[in-house]
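Please look at the sequence and the three-dimensional picture side by side.

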Amino acid sequence: MPELPEVETIRIGLDPHVRGRRITGARVLRDRAVRRQPGGAAEFGERLVGRTITGTGRRGKFLWLTLDDASALLIHLGMSGQLIVPGPDTPPSPHVRATLELDGLTLQFRDQRTFGWVWACDAGADGVPEPAAHIARDLMDPRVDPVALAHVIRRRTSGIKRVLLNQEVVSGIGNIYADEMLWAARVHGETPADELSVRTLAKLLRAGREVMGRAVKVGGTSFDSLYVNVNGESGYFSRDLEAYGREGEPCSRCGRPIVRSTFMNRSSYHCPRCQRLPREAA
């Protein structure tokens, strides 16, 4: 699933294409793509056609286009969603679920696994679409204070990785970047959050911000063709991963082989020497 750096990469690439353009047409090719729209495909088109896109926004993994009537087009990419501005050499795709026509430019929402969706909805006073208002701010948001957030996290008793994945505590962190920031801060993901000091938690959050910033600079992480930027290009942060997906490879810090474990029906990766549970270090 695209995480914060991938969604931010898409937003950055999309913004200059769509900002200031008027929506002249909206078409839904598969109703599942607008399953959250109360009035379905008809309402989706009615709310969008004639509107001008004034900008783009993102919170965590949620992306949106801001419109000139204080509404928004909210987009969640799910597992395999893509926003593509096709050029003359862009190959056709059987996975186009919805399209917008923007003054001669076409924007396609593609989704092979169909877990993603698009939703024309109202926005709040702060410009955040109302359906995304409950999502916490993310680590790339300059208004997030790592120390203040550390105090919030320290009140939780769950393992720290589980807390990091809770989008109502801090948004945008998924499995890949949770493992990377935990490795960077030398913290084991199963450590109860309330057993970590505020100083350690703040260090962890700053590490997450740094890791995600580096990922955005190289276009995010791509392991297959399901995640691409608006021009169809893949990201290259997978070359810089220190923990995720590196089972059996030496830790770049200490040389100990990276270990994989099962976590919430997914895989989790850590260095057994650098990232010890408190009871193991004692």
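Start with a pair of strands. Strand β9 (residues 259-263) and strand β10 (residues 266-270) are antiparallel partners joined over 5 bridges. Here helices (H or I, at least four residues) and strands (E, at least two) are DSSP runs, numbered from the N terminus, and two strands pair if DSSP finds at least two bridges between them. Across this pair, T262 stands opposite S267 in β10. The hairpin of β9 and β10 has 2 residues between the strands, and M264 in this hairpin takes a positive phi near 50 degrees. In general, strands of a sheet pair through backbone hydrogen bonds, in a parallel or an antiparallel way.

A word on the source is needed before going on. This is a predicted model, in which local features need pLDDT of at least 70 and side-chain atom pairs count only at pLDDT 80 or more, while totals for chains, interfaces and linings use all residues. Residues are numbered from 1 along each chain as its sequence is written, and side-chain values use heavy atoms, with hydrogens and water left out.

Now turn to the cysteines. How many disulfides does the model have? The count is 0, where a disulfide is a pair of cysteine sulfur atoms within 2.5 Å. For C251, the closest cysteine sulfur is in C271, 3.8 Å away, which is too far for a bond. C271 is in no disulfide either, and the nearest cysteine sulfur to its own, that of C254, is 3.5 Å away. C251 is buried with a relative accessible area of 4%, and C271 is buried with 0%. Buried means under 20% relative accessible area, exposed means over 50%, and partly exposed lies in between (1.4 Å probe, protein chains only).

Next comes an open sheet of 4 strands in the order β1-β6-β7-β5, with antiparallel pairing. Because β1 (23-28) and β5 (81-84) stand at the edges with a single partner strand each, one side of each has no neighbour in the sheet. Neighbouring strands of this sheet are turned by 15 degrees against each other on average, direction ignored. Axes are lines fitted to C-alpha atoms, for helices over the stretch in contact, and angles run from 0 to 180 degrees between N-to-C directions. Within the sheet, β1 pairs with β6 (residues 96-102) in the antiparallel sense over 5 bridges, and V28 stands opposite A98 in β6.

Helix α1 (residues 4-18) packs on this sheet and touches β5, β6 and β7 (105-111); its direction makes about 150 degrees with that of β7. Contact means heavy atoms within 4.5 Å. Helix α2 (residues 40-48) lies across β1 and β6, and runs at about 170 degrees to β1.

Helix α1 can be checked for length. Among the buried residues are L4, I10, L14 and V18. Just after α1, G20 takes a positive phi of about 85 degrees.

Another glycine, G55, lies in strand β2 (residues 53-59) and is buried at 4% relative accessibility. Leaving aside neighbours within four places in sequence, G55 is in contact with D15, R19, W64, L65 and T66.

Finally, consider the record. UniProt places the feature "binding site" (unreviewed entry) at H95, R113 and R156. These positions are spread over 62 residues of sequence and also in space, up to 40.8 Å between C-alpha atoms. UniProt positions are given in the numbering used here, feature names are shortened, and annotations may be inferred rather than shown by experiment. H95 is found in the loop between β5 and β6, and at 26% relative accessibility it counts as partly exposed. R156 is found in the loop between α3 (146-153) and α4 (160-164), and at 36% it is also partly exposed. Beyond its neighbours within four places in sequence, R156 is in contact with V163, N166, V169, A193 and D194.
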